[in-house]
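The turns below take up terms used for a protein model and set each one against its definition. Please keep the sequence and the structure in view while reading.

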Amino acid sequence: MKIKFLLVAVILFTNALSAQKLNNLKEAEKIHQNSTKQELANNINQIDSLMATCYERGLFNGNVLIAKNDKIIYQKSFGFTDETKQTALSNNSIFNIGSIAKEFNAVSIMILAERGLLNLDDKISKFNLGLPKWSEKITIRHLINYASGIPRIDPLVPKNDEEAWKILKNGDSLLFEPGTAYRYDNSNVFLQRRIIEKVSGMPYEEFVTKNIIKPLEMTNSVFEPKFGYKNRTSCYDFDNLKCPELEFISGWLWVDINDLYKWIKAMNNNRLISKESFYTLLQNPYAIDEGGSLGRYFEKDELQRHNGVSYKFESIFLNDFKNKITIILLSNNLNRVWDLGHIIHNLMLGKEYEIPKKSIYRAIRKEALNDVNKGIETYYLLKKSSEKEYSFENPSELNTLGYELLRAGKNIESIEIFKLAAKEFSTNANLFDSLGEAYYTNKQYDLALNSYEKAIQFGGTNGNAEKMIDKIKKIKDNN
């Protein structure tokens, strides 16, 4: 009887301990969940403050969406659909996403490959496109990784597909042997889309609509909408003037931010193509440190980043597989989208970040375009009175202004801005390279040589300074 009593007591004691342990675990889990919720709430508040500040400072006009664990945690619109500033942006606003739209042809290629209708190692000559002899050397795999070496199609030259065909069919030589180098160029994209048409037997837009847009219910996506199309945005510049838009090869899909998120989720969850096919597109075997069809993949961080620019349209998304974070920014007023994507990512990971300052480039731009000396004078006045408010520590601000002047044919004025930049950042190789280019454009060859030599002294510019020095010396020798 005593033994039975002891056994019951042990069982009761054990059950009590188990119950207490379970309660402790539940309490710990509850504390963890509350802590996670609080951390997420703090992140959302910080993101909202960051975006509002950037909008107020003129650093962002567009839409933003952030998701964590496949749930949207933050979504907001800042600014207007076009230069008139009459219509506010909304979640339904559709944007030109530039190079991100190239993902749709790459995935279409993989859909056809998975159906056994083509092979990535097929030579493009197999498809009888009427291309020169070089088509016998190039595979589809080369095309999707920008390693084909085919002649370049300048975005500003062809107005349509017919003109693009002429450029390719008249190009009798390759830029390099396929698979031996990398060149990011739309000629590869153009041929991908034409091969999709040849294999599928339908126009590229129809194939994408049938196999991507409809299955994913991307209900607000449209190919190349005309001005006046419902929810269409227009890009505009710092002076609130509508910017020109490319007349170019066909097949550019415009999307709203929700449809782009549907696309990214579909890729992550292998809804259209297998995981193996997805990673085939993510990783570029010919140029590990360059982007492929789906942007740049950082294997160590398990991070996909893709951005697109078309005139003043700019977009970016960061797809963090490890932390299950997706960040999307779409803008129709080219500015700080790239920086903001990375800043938000750092914020989400609990890393240090800084809210971008006002652009000193934008602050002095108008004056510098009218009178470069007044622009420089304003630069120094603002540096004295508002140094913490403006981005004086960013060399690209003055570099951008210098190139705007140079492109406008204001050579002397651009030299003055580049001289200011080189003075402010006295060991920056890139700025001395820029100054050298301005001197060269103005045919001040001795000063150009001196600037390029300094660029090399301060670390070089990936061989550009050396090439320009050789070029200038040949000009001087011939004179």
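Q: What makes two strands a pair?
A: Two strands pair if DSSP finds at least two bridges between them. In this predicted model, an open sheet of three strands has antiparallel pairing and runs in the order E3-E5-E4. Strand E3 (95-96) and strand E4 (222-223) stand at its edges, each with a single partner strand, so one side of each is left without a neighbour in the sheet.

Q: How do you know that E4 and strand E5 count as a pair?
A: Pairing needs at least two bridges, and two bridges join E4 to strand E5 (residues 253-255), with the strands running antiparallel. Phe 223 stands opposite Leu 253 in E5. The count of two therefore meets the requirement of at least two, and E4 and E5 are called a pair.

Q: Why is strand E8 described as largely enclosed by the rest of the structure?
A: A residue is buried when its relative accessible area is under 20%. Eight of the eight residues of strand E8 (residues 313-320) are buried, so the strand is largely enclosed by the rest of the structure. Phe 313, Ser 315, Phe 317 and Asn 319 point one way from E8, while Glu 314, Ile 316, Leu 318 and Asp 320 point the other way, and all are buried.

Q: Which strands pair with E8, and over how many bridges?
A: Strand E7 (residues 303-310) pairs with E8 in the antiparallel sense over eight bridges, and Gln 304 stands opposite Asn 319 in E8. Seven bridges join E8 to strand E9 (residues 325-331), again with antiparallel strands, and the bridge partner of Phe 317 in E9 is Ile 328. The hairpin of E7 and E8 has two residues between the strands, and Tyr 311 takes a positive phi near 55° there. In the hairpin of E8 and E9, which has four residues between the strands, Lys 324 takes a positive phi near 55°.

Q: What makes strand E1 largely enclosed, and which strands does E1 bridge to?
A: Six of the seven residues of strand E1 (residues 62-68) are buried, so E1 is largely enclosed by the rest of the structure. Seven bridges join E1 to strand E2 (residues 71-78), which runs antiparallel to E1, with Asn 63 opposite Ser 77 in E2. Seven bridges also join E1 to E9, again antiparallel, and Lys 68 has Ile 325 as its bridge partner in E9.

Q: How do you know that Cys 235 and Cys 243 form a disulfide?
A: A disulfide requires cysteine sulfur atoms within 2.5 Å, and the sulfur atoms of Cys 235 and Cys 243 are 1.9 Å apart. The distance therefore falls within the cut-off, and the pair is called a disulfide. The structure holds one disulfide, and both Cys 235 and Cys 243 are buried.

Q: Why is Cys 54 called buried?
A: Cys 54 has a relative accessible area of 0%, and because buried means under 20%, Cys 54 is called buried.

Q: What lines the largest cavity?
A: The structure holds one cavity of 30 Å³ or more, and about 30 Å³ of space lies in the largest cavity. Its lining includes Glu 103, Trp 263, Phe 278, Phe 317 and Asn 319. Helix H7 (257-268) and E8 are the elements that give two or more residues to this lining, and H7 gives the most, with four residues. By class, the lining has six nonpolar, three polar and one charged residues.

Notes
Residues numbered from 1 in each chain as written. Predicted model: local features only at pLDDT ≥ 70, side-chain atom pairs only at ≥ 80, totals over all residues. Heavy atoms only, no water. Buried < 20%, exposed > 50% of the residue type's maximum accessible area, 1.4 Å probe, protein only. 1 Å grid on protein atoms, 1.4 Å probe; cavity = no way out; pocket = protein on both sides within 12 Å on 5 of 7 lines; lining within 4 Å. Points joined across faces, edges and corners; volume = space filled by probe spheres on them. Nonpolar A, V, L, I, M, F, W, Y, C, P; charged D, E, K, R; others polar.
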